[in-house]
Amino acid sequence: MAAALTRRFDGKVVLVTGAASGIGRATVQRLAREGASLFCVDIEAEAVEAAAVEAAALGAPALARVCDVSSAEQVEATVAACLARFGRLDALCNVAGILHMANTHEHTLEAWERVLAVNLTGTFLMCRAALPHLLAARGAIVNVASTAGLRGMPWGAAYGASKGGVLALTRTLAVEYGKRGLRANAVCPGSIDTPMSSGAQIPAGADRELLQRILPLDHARGPETVASVIALLASDEGAHVNGEDVRVDGGMQA
């Protein structure tokens with residue numbers, strides 16, 4: 001498989017958040033195989049270091065960095081560290097995210113605020129810090145949203161709201177900076193087998209028929225299926241794609 005991949009990212013630097021597991025880790029591996037220099041970011045220290053080691057084993061210059069993306073100070077320091085190490089930034093892949101499922105009438109404010117802080121505010125903070133450097137490189141942003149931002153997801157009030165916000169933010173960036181050479185797109189995964197999704201628990205007594213709304217036509221797929229789309233959108237082959245949200249959901253919303 002690796003031998004068949006193109007080298008679309010030779011000479012390019014990509015920062016990936018949520019790099020320690022799931023879609024983020026799969027994205028790091030995909031981009032490493034395609035020649036990228038990688039700045040791997042996550043809140044989980046050991047796991048993100050392991051992701052960087054894997055990327056290096058695939059021949060990619062890679063560095064790990066611990067960062068809580070909901071912290072403006074940590075985000076600014078992280079982007080500065082990436083520039084100090086690699087001297088440029090060509091693409092930003094915002095994959096970091098958390099999921100909390102609960103009946104909306106039982107959803108705590110604390111959980112609501114934390115989900116939005118990571119999924120939406122964290123995406124905004126990373127984009128804000130990276131934008132000057134991405135504009136200089138005429139680069140790309142790929143944000144990971146969700147099918148939950150396109151269609152009602154039972155028990156996912158905070159998650160769906162945060163991902164809907166990511167989609168709106170992505171379109172804003174695309175319009176605001178498109179004439180300056182920056183592209184911003186989003187992917188909307190659905191029914192992807194990741195540690196986050198497999199660890200989610202629906203509330204006790206919930207109507208399980210509602211689960212049909214979030215199931216694919218065939219079966220769940222691995223995170224590498226999303227990573228391949230992220231790579232396309234971040235690469236020069238996606239040069240005429242801007243402001244889009246691309247579903248990767250097995251037809252669940254067709």
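Predicted model: local features only at pLDDT ≥ 70, side-chain atom pairs only at ≥ 80, totals over all residues.
## Helices α1 and α2

Start with α1, residues 22-33. Its partner here is helix α2, residues 45-57. The axes of α1 and α2 come within 9 Å. They cross at roughly 20 degrees. Angles under 35 degrees count as roughly parallel, so α1 is roughly parallel to α2. The crossing of α1 and α2 is right-handed.

Which residues meet? From α1 come R25, V28, Q29 and A32. From α2 come A47, A50, A51, E54 and A55. By class, this contact has 6 nonpolar residues, 1 polar residue and 2 charged residues.

## Helices α3 and α4

Next is helix α3, residues 72-86, with helix α4, residues 109-137. Their axes come within 9 Å and cross at roughly 30 degrees. The two helices are therefore roughly parallel to each other. α3 and α4 make a right-handed crossing.

On the α3 side, the contact uses A72, V75, E76, V79 and L83. On the α4 side, it uses L125, M126, R128, A129, A130 and H133. The contact of α3 with α4 divides into 8 nonpolar, 1 polar and 2 charged residues.

## Helices α4 and α5

Helix α4 also packs against α5, which spans residues 157-177. The axes of α4 and α5 come within 8 Å. Their crossing angle is roughly 15 degrees, so α4 and α5 are roughly parallel to each other. This crossing, too, is right-handed.

The contact list has two sides. α4 gives W112, V115, L116, N119, L120, T123, F124, C127, L131 and L135. α5 gives A157, A158, Y159, A161, S162, K163, G165, V166, L169, L173 and Y177. By class, the residues of the contact of α4 with α5 are 16 nonpolar, 4 polar and 1 charged.

## The cavity

Rolling a probe the size of a water molecule over the atoms shows where empty space is left.

How many cavities of 30 Å³ or more does the structure hold? There is 1. The largest cavity has a volume of about 40 Å³. Its lining is made of T17, V69, N94, V95, A96, V118, G122, T123 and M126. Which element gives the largest share of that lining? The answer is α4, with 4 residues.

Some names return here. T123 lines the largest cavity and takes part in the contact of α4 with α5. M126 is in the cavity lining and in the contact of α3 with α4. By class, the lining of the largest cavity has 5 nonpolar, 4 polar and no charged residues.

## The largest pocket

The largest pocket has a volume of about 1,200 Å³. It is lined by 50 residues. Nearest its centre lie L99, Y159, T194, M196 and S197. One of these, Y159, belongs to the α5 side of the contact with α4.

Several elements give two or more residues to the pocket lining: α1, β2 (37-42), α4, α5 and α6 (195-198).

Definitions and conventions
Residues numbered from 1 in each chain as written. Heavy atoms only, no water. Axes fitted to C-alpha atoms, helices over the stretch in contact; angles between N-to-C directions. Parallel < 35°, antiparallel > 145°, perpendicular 65-115°, else oblique. Left-handed = near helix turned anticlockwise from the far one by under 90°. Contact = heavy atoms within 4.5 Å. Nonpolar A, V, L, I, M, F, W, Y, C, P; charged D, E, K, R; others polar. 1 Å grid on protein atoms, 1.4 Å probe; cavity = no way out; pocket = protein on both sides within 12 Å on 5 of 7 lines; lining within 4 Å. Points joined across faces, edges and corners; volume = space filled by probe spheres on them.
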